[in-house]
Amino acid sequence: MVNRKYGVTSDHFTRFYFQVTSSFTLAEIDSEFVMYELSHLNPHKSTGLDCIPARFLKDAAIIITDPITHIINRSILSETFPLEMKMARVTPLYKK
């Protein structure tokens with residue numbers, strides 16, 4: 001006889017694994033958080049898809065903190081994320 005206590009259709013399985021709610025919310029961020037993140041960028045890392053060097057973002061952090069904070073909060077409030085930022089550049093590295 002097979003023990004079905006942990007089977008996919010068992011009560012134990014459904015009570016344990018289906019307690020996840022479908023609601024997920026993001027809170028708005030403040031400019032201090034953006035300033036902290038910009039000031040802690042590593043300037044020796046390569047650029048992203050936007051081709052903006054980390055050194056530029058770090059040096060201009062005082063000026064661009066408020067616009068970036070506004071853009072991020074508008075994205076959170078409108079529940080949209082720019083399609084261009086969903087892309088990634090993947091470069092395979094050869095290993096012997």
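Helices (H or I, at least four residues) and strands (E, at least two) are DSSP runs, numbered from the N terminus. The model is predicted: local features need pLDDT of at least 70 and side-chain atom pairs count only at pLDDT 80 or more, while totals for chains, interfaces and linings use all residues. Residues are numbered from 1 along each chain as its sequence is written, and side-chain values use heavy atoms, with hydrogens and water left out.

**Exercise 1.** Determine the span of α4 and state which of its residues are buried.

Solution. 
Step 1. Helix α4 has 18 residues and reaches 25 Å from its first C-alpha to its last. This is close to the 26 Å expected at 1.5 Å a residue, where the expected span is 1.5 Å times one less than the number of residues.
Step 2. Buried means under 20% relative accessible area, exposed over 50%, and partly exposed in between (1.4 Å probe, protein chains only). In α4 the buried residues are A61, I64, T65, T69, N73, S75 and I76.
Step 3. An α-helix has 3.6 residues a turn, so residues three or four places apart point the same way.
Step 4. The cover over the buried residues of α4 includes α2 (31–39) and α3 (54–59).

**Exercise 2.** Which residues other than glycine have a positive phi, and are they buried or exposed?

Solution. 
Step 1. Most residues other than glycine have a negative phi.
Step 2. C51, in the loop between α2 and α3, has a positive phi of about 60° although it is not a glycine. C51 is exposed, because its relative accessible area is 55%.
Step 3. Just after α4, E79 takes a positive phi of about 55°. E79 has 73% relative accessibility and therefore counts as exposed.

**Exercise 3.** Characterise the lining of the largest pocket.

Solution. 
Step 1. On a 1 Å grid over the protein atoms alone, a pocket is an open set of points where a 1.4 Å probe fits, with protein on both sides within 12 Å along at least five of seven lines; lining residues have an atom within 4 Å of a point.
Step 2. The lining of the largest pocket comprises 26 residues, of which D50, L57, I68, I72 and M85 lie nearest its centre.
Step 3. At least two residues of this lining come from each of α2, α3 and α4. The largest share, five residues, is supplied by α4.

Key. Contact = heavy atoms within 4.5 Å.
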